[in-house]
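Subject: Handing over the two-chain model

Hi,

Here is the structure I promised to pass on. Have a look at it first, and then read my notes below.

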Amino acid sequence: MVYLGWAAYYGHLSANPLSDITNETGVWTLRFLCITLLLTPLRRVTGLNLVSGFRRMMGLYAFFYGTLHFSTYLILDRFAGLVDYPGGMISITTAKRIVASSIGDIAMRPFITIGFSAFVLMVPLAITSTKGWIRRMGGKKWAALHRLVYASAILGVVHYWWLVKADISRPQTYAAIVAVLLGARLYYKFKKSRPATARVPASAKASTDS
Amino acid sequence: MLIKKPADIRSSEITPKKLYQTRRQFIQAAGAVAGAAVGIEVLTRGAAVLHAVQPAAHGKKWPNVKPNPTFSNTNGEVKNSWEQITTYNNYYEFGVDKDQPAELSRNFKTDGWMVEVSGECAKKGKFSIDDILKGETIEERVYRHRCVEAWSMVIPWNGIPLANFIKRCEPTGKAKYIKMTTALDRKQMPGVQSDVLDWPYVEGLRMDEAMHPLTILVVGLYGEMLPNQDGAPIRLAVPWKYGFKHVKSIQKIEFVEKEPVNTWQRQAPREYGFYANVNPNVNHPRWSQATERRIGEFFMRKTLMFNGYADQVQGMYTNLDLKKYF
């Protein structure tokens, strides 16, 4: 956000700044989703516990950028794309036409459908991100609900993949990152479900020997 | 008898008190370092996309460029600036990002450029830019330029009718199409290292389209020699067709009997066709072509049939199903 503002101020945006804003807010949503997904495997590997608080913050940042990205679409694409404005630019008529054109667009264009789905899935996660909601739902249920973030990340990557014209190298990078991060979860789940012979602490072994 | 129970944890494994007491700070510091590393990585990556790119340096002026108002029907539409036209380019041979051609084509050498003419014509051979311009008046044509990606510009091109050059090549009766190929210079064009497109870039026109008075060979912009990022030294402008038909840095012209397969059609035949006429009623499979964003404007414009050149060109397509031949 700060970066976009800075880039705009110093004329670092391209000749099509509106498209830059759309692209950058979208890419930042994906980046924050990746950071969010990184924290749990990072704890497993390094023992660093950044999950509490920080993960919520990163998730909310992803949602924040997702919201910006969606708003950008509504304003720069849907509102500015109406071309004519009977009844004025800021009016009920215009609002209705934006809603109608957005619904039509989300239904008709697969990559928009996918991107919109990714965003909608983040909404309940953002709402239930507070401690109060964790308590009310219970840890297990809450954790199950928040696994929706996996779907959101996958859909986000597909959205990116489907919109590019020819050069898929950047969506591929994100696809690889998300695959590794979700793969790590599968790996740990698989490891956990097996009898934990190797996981007896050395000290415990030592004590049984003596 | 007392049996001494061994301690669960050996003293060597007990975390020193000091470290234990500072564990929170330790975690925070480690977190900050990790966060900073991720942050720097993403920021610099972002910077690769968004950084100021310099417009083309002003070069040699073409002498005696003659405005042609009859073929410049954009009265009242503001021309895009030199900076916009030379920093926002789709020229994949110099990178897939819009700002890459401005930077990566800077040292592209076009001295001694030759255009090779072959195929169904009498005058085959190699033509220099001087040969092509011999006896011609360079005209200024202010054309709308509509990209298939739904953005557009208004550009004052300088060039000559392609028809004039075609006549000099004396095509035979078998010449039904003209096929044009962009240079493929692996040393000077960093973008061709990637197989994002099937190089070299090929485009084509039906003979009547190629002979149409609106179709021009472009050698300049704003009265100056064409900047590299815009397709120096010679490119095509066919204003009623999408931008990708405007083949850049033309090195080969062939007169052929069969419809050539143009690069984007080869890339994605469901999305890009041979004709690529600007048509607000035929959408791209992934986005609408009904509107466009003129570079520099906030509100979109309605896209005009044949990009506003319907009066001059629709006669060529009366028997063509434009939905099928998009």
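A quick definition before anything else: I call a residue buried if 20 or more other C-beta atoms lie within 10 Å of its own, exposed if 12 or fewer, and partly exposed in between, with C-beta atoms placed from the backbone. Helices (H or I, at least four residues) and strands (E, at least two) are DSSP runs, numbered from the N terminus. By that count, six of the six residues of S8(B) are buried, so to speak a mostly covered strand.

Some housekeeping. This is a predicted model, where local features need pLDDT of at least 70 and side-chain atom pairs count only at pLDDT 80 or more, while totals for chains, interfaces and linings use all residues. Residues are numbered from 1 along each chain as its sequence is written, and chains are lettered from A and ligands numbered from 1 in the order in which they are written.

**Around S8 and S5 in chain B**

I'd start with S8(B), residues 216–221. Two strands pair if DSSP finds at least two bridges between them. S8(B) pairs with S5(B) in the antiparallel sense over five bridges; B:Leu217 is the bridge partner of B:Ile160, and B:Val218 stands opposite B:Gly159. S8(B) also has an antiparallel pairing with S10(B) (residues 235–237), over three bridges, where B:Leu217 is partnered by B:Leu236. Then there is S9(B) (residues 224–225), antiparallel to S8(B) over two bridges, with B:Glu224 opposite B:Leu221. S8(B) and S9(B) form a hairpin with two residues between them, and B:Tyr222 in that turn has a positive phi of about 55 degrees.

S5(B) runs over residues 151–161 and is mostly covered too, with 10 of its 11 residues buried. S5(B) pairs with S4(B) (residues 139–146) in the antiparallel sense over eight bridges, one of the bridge pairs being B:Arg141 and B:Trp157. Four residues lie between the strands of the S4(B)–S5(B) hairpin, and B:Ala150 there takes a positive phi near 75 degrees. S5(B) also runs parallel to S12(B) (residues 291–294), joined by two bridges; B:Trp151 has B:Arg293 as its bridge partner.

**The five-strand sheet**

Elsewhere in chain B, an open sheet of five strands has the order S3-S2-S11-S6-S7, with mixed pairing.

B:Val115 stands opposite B:Phe127, B:Glu116 has B:Lys126 as its bridge partner, and a hairpin joins the two strands through five residues.

**The cores**

A nonpolar core here is a set of buried Ala, Val, Leu, Ile, Met, Phe, Trp, Tyr and Cys residues joined through C-beta atoms within 7 Å. The largest one has 57 residues, and B:Leu217, B:Val218 and B:Leu236 have the most contacts inside it. Among the elements that give it two or more residues are S2, S5, S8 and S10 of chain B. A second, separate core has 27 residues, including A:Cys34, A:Leu39, A:Tyr73 and A:Val149.

**Chain A**

Chain A has 10 helices and zero strands, and 26% of its 210 residues count as buried. H5(A), residues 110–127, reaches 27 Å from its first C-alpha to its last, close to the 26 Å expected at 1.5 Å a residue (that is, 1.5 Å times one less than its number of residues). Its buried residues include A:Ile112, A:Ala118 and A:Leu125. Seen down the axis of H5(A), the buried residues fall within an arc of 165 degrees, so they line one face of the helix; the arc is that of the directions from the helix axis to the C-beta atoms.

Cheers
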